[in-house]
Amino acid sequence: MNVPRCMSTQHPDNVNPPFFASGPELGGEDEIKEAYYVFSHLGCDEQMWDCEGKEVDSYVVKKLLTEYESFFRENILGEDCRLTLRVPNPTVERAEAKILLETLESIPRSYDTAALFYERDVPPVFEVILPMTASSRCLNRIYHYYRDFVAGKENLKLKDDVTVGEWIGEFRPGEINVIPLFEDMDGMLAAGRITAEYLEGKDPEHQRVFLARSDPAMNYGMIPATLLNKVALQSLGEVEEETGVMICPIIGMGSAPFRGNLKPSNTRAVEDYPGAFTFTVQSSFKFDHPPAEVSDAVRRLREHKPGKPQDVDRERIIDIVNRYSSEYRRHVMRLADMINRVSRHVPGRRKRKLHIGLFGYSRSMGGVSLPRAITFTAVLYSIGVPPEILGFSALTDPDLDYIMEIYPGFERDFHDALRYMNPHSPHLPPELRSSIEEHFPDISHDPEHVRVTDEINHSLALNRTGNLQGRILEAASIRKFLG
């Protein structure tokens, strides 16, 4: 079994475009180069390929094998390095539902391309990621649709009694694996049950499960996001014990502390998620640091040995999450107008939208629409209010004691975030600042970041936003991540 340990993703949290980009926003051909670069130069063993919010490139496998032939002759696509597709969820993303079918139909064609290239049977793509998974039924629909209607069509007979397979050729692989991606509280808490239900009647060698880190932070706050991941990992460990199927969790971590704090200088962040098998290397990790540092960090991630999931108190965590998220959302609602106002000036880094967020769909938020997690994070840092601190005042001393017991990187992550807090920001509630300063009396604020966020807030107060994007990028360059 060769399960990837280091998944490169297309999350647009980078400040700087990579050297091979044709412009500040990466497009389709840039992403082909990116996939080759992360395999050949950075040492990642997997590239997640988004099939949401953009035109589907059904020929990504053909382009990789023909444009970088010598590399892929020695590094087998589908074995030594993986290409894993993230598809739309038709239950939620109705406007893109049929893109799922186009994507699934491309898998046998990619297989034919690889079989000709390698002169043997090599499935270059055999797994897809389903975002916003809420039930095993959604997973099984994809699994059975592919098996029965994509690969299965080869057994259908035409009117002249010839089968589709005899006419067109075989459709391989005959089955694909579906990776659930859990992104909200309900999904995280049900991750074990849904995964166990999906495994019923199947006999896989292993099952991968993707746990989001950004969207739970966006919806409930940084600490709830971390704690919910721990509950999910614990439940997945129980599924492994009960079923005998090896469960290989993926944690989707970004460079901002709010989104995971995983960066080349802090690969220790993965130690907060014992039981996780694969970690994401997002755009800021890849492009905002010297390549030698990045490749060395990727090597450390691939060498990291997964441990057993932590034994955590599920009910206590749910209580903390509910209280914290209520306070967090109160602060977000107060800042919503400013967040939306500034978000228009945060530069894009990919030529497409990401999949829809969950925050604006929550009834408890009154249907307020907010930007996606990366832009949301970038805005709050830009006005001197790191999103990590929102909701902190809801914690009691016993809460903090328990959190520090099961979340060893808690103080490190908070200190990393507080370095970029502006204590004079007009958007920072005095009571929240007091709570933070009481618990973290030795905060060291970055003076240059304070200066830039002062300028941003001054420009906003005067409604002079002409150079706002430039200042947002200046602050992001100091942090070494956009959002």
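The model is predicted, so to speak of local features requires pLDDT of at least 70 and side-chain atom pairs count only at pLDDT 80 or more, while totals for chains, interfaces and linings use all residues. A pocket is an open set of points on a 1 Å grid, where a 1.4 Å probe fits, with protein on both sides within 12 Å along at least five of seven lines; lining residues have an atom within 4 Å of a point. Of the 18 lining residues, Gly 237, Glu 240, Gly 307, Lys 308 and Pro 309 lie nearest the centre of the pocket. Helix 10 (222-243) and strand 7 (246-252) each give two or more residues to the lining; helices (H or I, at least four residues) and strands (E, at least two) are DSSP runs numbered from the N terminus.

Helix 2 (residues 60-67) and helix 4 (residues 97-118) have axes that come within 8 Å and cross at roughly 20 degrees, the axes being lines fitted to C-alpha atoms over the stretch in contact, with angles from 0 to 180 degrees between N-to-C directions. The two helices are therefore roughly parallel (angles under 35 degrees). Val 61, Lys 62 and Leu 65 in helix 2 meet Ser 110, Thr 113, Ala 114, Phe 117 and Tyr 118 in helix 4, with heavy atoms within 4.5 Å.

The table divides the residues by class: Ala, Val, Leu, Ile, Met, Phe, Trp, Tyr, Cys and Pro are nonpolar, Asp, Glu, Lys and Arg charged, and the others, Gly among them, polar.

| Site | Residues by class |
|---|---|
| Contact of helix 2 with helix 4 | 5 nonpolar, 2 polar, 1 charged |
| Lining of the largest pocket | 8 nonpolar, 5 polar, 5 charged |

Technical notes: Residues are numbered from 1 along each chain as its sequence is written. Side-chain values use heavy atoms; hydrogens and water are left out. Angles under 35 degrees count as roughly parallel, over 145 as roughly antiparallel, 65 to 115 as roughly perpendicular and the rest as oblique.
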